[in-house]
Structure formats: structure tokens, C-alpha cells
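Hi,

Here is the structure I promised to pass on. Have a look at it first, and my notes on what turned up follow below.

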Amino acid sequence: MDVKYIINKDQLHQARNSALHSHEKYYQEFSQLLKTHINNKPVIDMVSDDHKAKTHRDALEVCKMGVLDVRVIQKDPKIFLSYLNSLSSCDMSLMAKLVIHFQLFGGTILELGTEEHHNKYFPDIKTMRIVGGFGMTEMGHGSNVRQIETIAEYDDTTKEFIINSPTRSSTKFWIGNMAKYGTHIVLFCRLIYKGEDKGVHGIVTQIRDLESKKVYPGIEIGDCGPKIGWNGIDNAWIRFSNYRVPKENLLNRFANISDSGEYSCKLLTPGKLFQVTISQLVFGRLLYICGPIKALTITLRTGLTYAFNRRQFGEKGKKEELIINYPSHYQVLLPMLSHLVAFEFARDSIIERLLEPKTTDERLDETNSTISGVKALVNEYTMIYLNKLRTFCGGNGVSSFNLFGYYRNEMDIFQTAEGDGAVLYQQLSKFLLSEYKKWYKKEGVKGYIIKEVQTFLATSNPMYTHTRSIPYILSNEFHHHAFLYRFERIRSTVIEKLSHSKSKKMTFLQSWNDSLLYVIDMAKAYSHLYILEQSHLAIRRCQDPSTRHLLNDLVKLYALSNIEHDFAFFRNCNFLSSGKALAISDAIKELCIGIKPYALQIINSDYNVLIDPLLNIPLAKLDGDYINHMADCVGVPKSNL
């Protein structure tokens, strides 16, 4: 496959950052402020207490700039996302501290509170006079928020909530920003009104005195101890004993206790109230898609730059071969690059969907569920790729200066932050099954039979199963059909297994757990389908023909390498013959060979990475002189010979 691409870096950059491209001035301006005022870089060797103190000092300096503001989330969320994109080039603990403070703490007050709460808290949040946290997770419950045990019982005589941690498992745990410096949290707890449990509500709860910083009586607090990452964050455990909070601290936009002592809720069901109460987790999951993609961009750039400059072995009497020219390298690195670009397209699509000004409940449910699946998938792949990239840089990958270990540890936390992957996949699958139920109710048995027959005829067609035609194997039509078939086939298996379990008199929970591995596979298949579809849409929107051609081939590589990775499924379902499977592997190799000469230009087309202070990574410097840069880092003297 003799392919030549014309690289238009501006067009490529725009296509890879379409959702925030119109807001890049905010990224550039804030990045310059960060570089000038704090020059915060990833911390790779610092005692934890010192790291926490540095993170707090730097956060205060950032707030002095006057740029970050909770109201920006409301005014234009893309500006806020652009600011966070700038912060992702700093130490991850600094970004995490500010996200907890502004987005989780402040954003929850924004969404669940009233204008009275906004006026009371937002000025001090902006200056960080108060340091906010998000008090949801407990020792006994993380993902299953409905079952948290902390209680806030309303005392009508004093117009206060009495907060208690009734069990050891009800101890609030991993509460960021709180162990050393935090003053307030949005406390998620069960509201008890006249002996009745009204479900999970959010109450702004002050932990420390603003001046003395002393913890108030009725509160016990401590540090959660050493961690594998985010060591600049002072994560706390917190317990309450008859701690009283004024009634007006209840975030009462949707649920309220009036001055006369009557409880009311504007939403129709407790389920709707619960969804609104934890709404900031959805925006947070978007951030946990953006963060890993940025980390993958940085580390893949390092891996590719090194591969294009490192030489090992070769024919006698000739220069040693660049390691990028070994298939064991380029047939791993280039599919990684294709996945990165596809993930970027999905990220931008999700940003646009999440920020739609007017949307229906059904559309919002679909978006929230899709975010859950994509968040889980992107983080899963990022961790796999970070490990592989480290090994591809050999001993140099072990060096902390090249940040593979740093990002591996920092990104590991993203896998479970604001939702464990297995739980998020289930959330998506439940939505997908509910949508299928609606479709079946509308179309009935006749529609089901027609659909099954169409699927059978299509997949039994030799054109699909046997043809080795390269043009067809490379076609977007084939890729979409394969991804769609995989999703629908797994969905049918899940439905069949759930129905079979029901006939055996199992409860729904027993049936669900019995089918759980298939349920998770269904969500993964749909997430890949969504990513592919959004990639195809993004390519169509690209105005430049040469850039569109390159992006199309990158997405083809994403699709085919994904199919190859799942050959066992496609072969077991007779979707592919063995001959066609071999032809797909050959096509992947040819795509890799065609894209390889342009790989550095593609990865470097993201200017947001090029201007980062992280360019000090020895293996990633543009001149490719990794030996001298590594030597300078560790103090190897220059040779006098």
C-alpha cells in the first residue's frame, strides 16, 4: 500500500480538538499565567506532606489570578474546560485539588443550591478563603451512593440538622482537600425528617473555623495515608457525632424544609431527586475522559519520538535499525495512535452533547449513560497503553524523568474515581436494555423477527464472512457493520440469558449477576460502536480533503485493530472466515506501514502538547537527542575524548 499523505497541521489540530478549538485563547492565556506565576510541573520525588503543602500553596496562587470561578461553569462550560486543559499540564494533584474545589464542591452548590447559596459561598470559593470538598464516599459505600449511611436528622425545635456517623462503615473516606486544609464540604447524607428517610441530600457542612483552622467539636478527621498517586491531595476520613448544621445549609433548589417545618420536593420521584443530587458526577466523568486522553497524548508522543531516534541491531556494516521500523513496535504504537484520535473524536462529541442548552430527559439519560461507558473504556485502554509505552522505552522508560511511572500512577486513580469501570458499564447496559424494551414494545414480535432475519441474511452472506477484498475490508461500511453486529449479538445474548434466568425463578438481581460478564461486554461493544460512529461523523465534518483522508485511514486502523483484538468473538459467531481474518491482519500491517512516516507529525499536530512545560521530558524533545538529554538529567559528564 503506497500511501502519501499531505499533513496540514492546523487542520489536523482543529479536527482533533473541535469541541474546544473556538476557546483556545483561554487555554493559551491561562497556560501562560500558570507558567509565569507558579511554573508547576509534575512532582516525581517529594515527601507527601511537602507535596500537599506545595499543592495548597500553588492552588492559592492560581486563585489569586482571579480566572477560575464557579459561575464560569454556568456561563460557558467550555471556558472552564479550557482552563482545566491548561492545568492538566501541571502536577495532577494541583488540577485535582482545583477540580474538587471548583467543580465538585462549587458545581454542586451551583446545581443544587439557590441564589442565596451562590451569593454566600461563591466569592470565598473564588479566592479559596474556604477550601471545599465533596463528601460522598464512605468506607462502606462508594459506587452505591443510595446506600450511604451518614444521617442528618432534622430538629424542628432548633431548625438544625443533627449529623451522625452511626457505624464505622459510615465514615466518610477519601474526601479530597479535607485532611489538612479543607474548611467546608458538600456532605451527602440520608435526610431523616420526622422519622422518615427522605433519601440522599446535599448539605453544606463547615469542618474547620476559617481563622484558626481548628476542627469543630463533634467532628473527627484524619488523613487516609500514603497513596499510589495524587499525593499532593490531602484525602481525609471524617466522622460526625451529633454535629449540628443550620437548616439553611441544605441545598434546597429541589428539596426543601420550609420555615414552618414542612418537607417538600419539586421532583416527582425520589429517583429523580437522587439523579439530580449526584449530577456533578456526570461532568466529573467527562473530565475523567479528558485527563487520560491528555496523558496518553503526552506519553505516546514520548514513545513515538524515542522510537524514531533509538537504534538497536541491524545488518552488519550498516547503521543500526530504528526501533520504529520493527513490526513489533510499529504495529503496536500506530494502533495506539489511531485509538487516541478516535478517543478524541468521542470526547469532543460528548462535550457537545453534555453542554446542549436544551435537551429532553431521554436525551440526557442517553448522554449520561454513554459518558459512563466511554469513561470506563478510555481509562481501561489508557492504563494498558501506559504500561506498554513504558516497556517500549526500555530502561529509559523506568526513569521518572520521562513520566511514564508518574502518569501510570496518576491515571490509575482515574479508573475508579467517580465510578468504577464495572459499575459504569452496568449503568450503560441498563440504559441500552431499557431502550431495547421500548423498541420491542413499539415493534412487537413481528419487528423482532424481521430484524433477526435481516441480521442472519447479512451475516450469512459470503460477502461479509469470506471476501478478502482489500477495498471492502478497508471500507467504513464493513467496520460499522462489524461493530454494530457485535453489539447487537451480545445484547441478544444478554436478553436471552436474563429471560432464561427468569424462567428459573431467579430474582432480577440474581439474573443480572448471573449474566454480568455479558452485560459488561455489551457496554464495551456499544462504547466502541459509539466511538466509531462519532469518528466517522467527525471525518465528514473535516473540510480539508488531505486531512480527511489521513483521519479516515487512522479510524480504519482503529476499527480493524479492534476487530483483530476481538477475533475470537467474530470467529466464534461465524462473522469472519479464517481467510478473511488473515486478510484483516494484513490490511492492518499495510495501514501501519503507510501511516508510520507521518506518525510524529500527527502526534505533534496537537499544539497544546507542544507548548507544555512537559517538553522537558528527555525522551520527547524535538531534536531527538535523548542520550545527551538523559545524561544531563542525571549528571553524566561530557566526554573529553
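The buried residues of helix 3 are His51, Lys52, Lys54, Thr55, His56, Asp58, Ala59, Val62 and Cys63, where buried means under 20% relative accessible area, exposed over 50% and partly exposed in between (1.4 Å probe, protein chains only). They pack against helix 2 (24-37), helix 6 (92-112), helix 7 (115-127) and strand 7 (219-223), with contact taken as heavy atoms within 4.5 Å. Helices (H or I, at least four residues) and strands (E, at least two) are DSSP runs, numbered from the N terminus.

Before you go further: this is a predicted model, in which local features need pLDDT of at least 70 and side-chain atom pairs count only at pLDDT 80 or more, while totals for chains, interfaces and linings use all residues. Residues are numbered from 1 along each chain as its sequence is written, and side-chain values use heavy atoms, with hydrogens and water left out.

Back to helix 3: its 17 residues (48-64) reach 24 Å from first C-alpha to last, close to the 24 Å expected, that span being 1.5 Å times one less than the number of residues. Just after helix 3, Gly66 has a positive phi of about 75°.

Now the salt bridges, meaning a side-chain nitrogen of Lys or Arg within 4 Å of a carboxyl oxygen of Asp or Glu. The structure holds 28 of them. One joins Asp49 to Lys180, with the closest N and O atoms 3.8 Å apart. Asp49 sits in helix 3 and Lys180 in the loop between strand 4 (172-175) and strand 5 (184-193), so this pair ties together parts 131 residues apart in sequence. Asp49 is partly exposed at 43% relative accessible area, and Lys180 is partly exposed at 36%.

Arg244 and Asp155 make another, at 3.1 Å between the closest N and O atoms. That pair links strand 9 (residues 243-246) with strand 2 (residues 151-155), 89 residues apart. Here Arg244 is partly exposed at 39%, whereas Asp155 is buried at 16%. There is also a network of salt bridges linking Asp124, Arg129 and Glu211.

Last, a helix pair: the axes of helix 17 (residues 476-503) and helix 20 (residues 545-565) come within 10 Å and cross at roughly 40°. Axes are lines fitted to C-alpha atoms, for helices over the stretch in contact, and angles run from 0 to 180 degrees between N-to-C directions. Among the residues meeting there are Phe478 and Phe483 from helix 17, and Tyr558 and Leu560 from helix 20.

Cheers
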